[in-house]
Amino acid sequence: METGKIKKRGQFKILLLFILVGIVGNTLANPTTVEIRDSLLNLPLFKNEDLLKIELKTDLAALINDIAEKRSYHQSELKILNAKGELDQFSLKVKTRGNFRRRKQNCNFPPLRFKIPVKDAKETEFEGQSKLKYVSHCQSFIDGYEQHTIEEYLIYKMYNLVSAHSYRVRLAQVSFIDTNASDTLTRFGFFLEDKDDVATRNGKQIMNFKNIKQYEIMRNNMVMLSLFQLMIGNADWDVGRLHNIDVMSVSEHSIPVAVPFDFDWSAIINHSYFTLSPKISPNAKYKRLYKGMKWSSEELQKAFANFKELKPLFLKVLNQCEYLNQPNRIKMIGYIEEFYRLINSKKDVKDVIEKKAPKIPRK
């Protein structure tokens, strides 16, 4: 009897040791605490929904023409109109970024990256932020581009409803003041949450997995993502190449999730700067091209049910944005309605989604 008790105590200690090792291992792999995640969720820039009105004073010509491969940060002054109607002000650095939209033939006003001094930004809308991407209006003197920027902002807002593994955004109206010419250009744009913050508030970290397959991603996440891209008519993404996709996970041994970004080549927007890429089918120019796997019928039906529940919320996002003009609103709603007619038709589901989708390999 005593020998049996000693044996059981020994087994219990071994089991306890495994549990403790597992807890420590998870803590090391994922050091994010609830407090850190809550603090990110409560930072004002992405918690607030109001239009952010700011002034950016800089040598504007030098900034937007600095588009070579090696670029510099430009000293700038930022003023923010706060909730009290007062101006908060601090110095920061800004430089151009991007690939396609950084080229002059595509955009005369490139996207920007803001480098923010954390101490100086305290108690302002930028509190807790240190680096931010800003999506610009692209073309300063061609009608429609500013509206397209608002449309892309709204796509991010819609995907926020699909998954917490998504980029939060904040719409802004920026007055760019040129220190040399005394000219001011005021346009809509939006700020994009830093990717490390997206990962951290979800208890994960960015993974640079190469050649990862869609079927190796968390299944529900991947099914919903591929159908959302179909809904907005976006073919400009690829999981294996990490093209307009971030992959994040608790650790390299955990099942990852995928987070999409850069929706400007979506048919729902219909940008006039679209150029065919050799990596995109010639038939895909602003057409619905399904790029997901051949998910099971059960997985598709579950996802379709989720999308049907989300539909009124998607429409609410579009209808409540006062900065989107009516023709563009009607266009976006109409395009989404087409998607819902598609998933309600067995024939269309078979023709558009199932027929050409690659099969998931058997293990």
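Predicted model: local features only at pLDDT ≥ 70, side-chain atom pairs only at ≥ 80, totals over all residues.
1. Phenylalanine 90 belongs to strand S3 (residues 87–96), while phenylalanine 126 sits in the loop between strand S4 (112–115) and strand S5 (131–135), so the pair ties together parts 36 residues apart in sequence.

2. A second pair has another geometry: for phenylalanine 307 and phenylalanine 314 the centres are 6.3 Å apart and the planes stand at 50 degrees, so this pair is tilted. Phenylalanine 307 is buried at 0% relative accessibility, and phenylalanine 314 is buried at 0% too.

3. How many aromatic pairs does the structure hold? There are 19. One aromatic cluster includes Phe307, Phe314, Phe339 and Tyr340 among its members. Lysine 311 lies over the face of tyrosine 340, 5.1 Å from the ring centre.

4. Now to helix H9, residues 326–343: its 18 residues reach 26 Å from the first C-alpha to the last, close to the 26 Å expected. Phe339 and Tyr340 are among the buried residues of H9. The buried residues of H9 pack against helices H5 (145–162), H7 (219–232), H8 (297–319) and H10 (346–354).

5. Do look at the start of H9 as well, where a side-chain oxygen of asparagine 325 comes within 3.0 Å of the backbone nitrogen of asparagine 328.

Note on methods:
Residues numbered from 1 in each chain as written. Heavy atoms only, no water. Helix = DSSP H or I, 4+ residues; strand = E, 2+ residues; numbered from the N terminus. Expected span 1.5 Å × (residues − 1). Buried < 20%, exposed > 50% of the residue type's maximum accessible area, 1.4 Å probe, protein only. Contact = heavy atoms within 4.5 Å. Polar contact = N/O pair within 3.5 Å; in protein donor to acceptor, adjacent residues only side chain to side chain. Phe/Tyr/Trp six-rings, centres within 6.5 Å; stacked < 30°, edge-to-face > 60°. Lys NZ or Arg CZ within 6 Å of the ring centre and 35° of its normal.
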